[in-house]
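Subject: Structure for you to look at

Hello,

Here is the structure I said I would pass on.

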Amino acid sequence: MKRFLLIFALLFSFLSIHAADITKISNAFKAGNASTLTAAMDTEIDMAIPSSSKKCNGNDAITMLNTFFRTNKPSAFTILHHADKKESGFFVAKLATSTGEFRVNITYRSDGDNAIIQSIRIE
């Protein structure tokens with residue numbers, strides 16, 4: 001009986017581990033509004049968009065994204081692959097815009113239920 005309870009407790013603890021919520025990031029890309037990501041930006045972000053690539057702070061990353069969204073108005077954002085590790089994760093998505101489709105790669109670290117963006121690459 002003790003063994004059964006131990007196995008049940010271990011199984012439950014593995015199942016109770018959940019991924020960081022990336023809904024806020026997904027919604028910001030769908031709407032083309034990077035300003036809503038202020039709280040989701042890490043201290044330093046690796047940014048790569050078609051016109052620029054640099055390591056910057058969260059405010060600069062938001063400015064770069066908003067500039068990108070002004071030129072490329074989003075019409076759809078579809079997550080193609082999403083994976084989480086213990087304290088980090090990443091996802092790959094397809095961003096349909098007024099000027100064509102882009103592949104988006106985002107890595108993040110988990111802070112409770114929140115995903116804190118560490119890098120954004122738009123190709």
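This is a predicted model: local features need pLDDT of at least 70, side-chain atom pairs count only at pLDDT 80 or more; totals for chains, interfaces and linings use all residues.

The whole chain

The chain has 123 residues, and 37% of them count as buried. Its secondary structure consists of three helices and six strands, in the sequence order α-α-β-β-α-β-β-β-β. If you take the contacts between residues at least 6 apart in sequence, 44% of them join residues at least 24 apart.

Helix α2

Helix α2 covers residues 23-31, and its buried residues are Ile25, Ser26, Ala28 and Phe29. Viewed down the helix axis, these buried residues fall within an arc of 160°, so they line one face of α2. In an α-helix, residues three or four places apart point the same way because there are 3.6 residues a turn. The packing partners of the buried residues of α2 are α3 (58-71) and the strands β3 (74-84), β4 (88-97), β5 (100-111) and β6 (114-122). Gly32 follows α2 and has a positive phi, near 70°.

Helix α3

One of those partners, α3, has 14 residues. From its first C-alpha to its last, α3 reaches 20 Å, close to the 20 Å expected at 1.5 Å a residue. At its start, a side-chain oxygen of Asn57 comes within 3.1 Å of the backbone nitrogen of Asn59. Buried in α3 are Gly58, Ala61, Ile62, Met64, Leu65, Asn66, Phe68 and Phe69.

Regards

Technical notes
Residues are numbered from 1 along each chain as its sequence is written. Side-chain values use heavy atoms; hydrogens and water are left out. Helices (H or I, at least four residues) and strands (E, at least two) are DSSP runs, numbered from the N terminus. Buried means under 20% relative accessible area, exposed over 50%, partly exposed in between (1.4 Å probe, protein chains only). Contact means heavy atoms within 4.5 Å. The arc is that of the directions from the helix axis to the C-beta atoms. The expected span of a helix is 1.5 Å times one less than its number of residues. A polar contact is a pair of N or O atoms within 3.5 Å; within protein, one must be able to donate a hydrogen and the other to accept it, and residues adjacent in sequence count only if both atoms are side-chain atoms.
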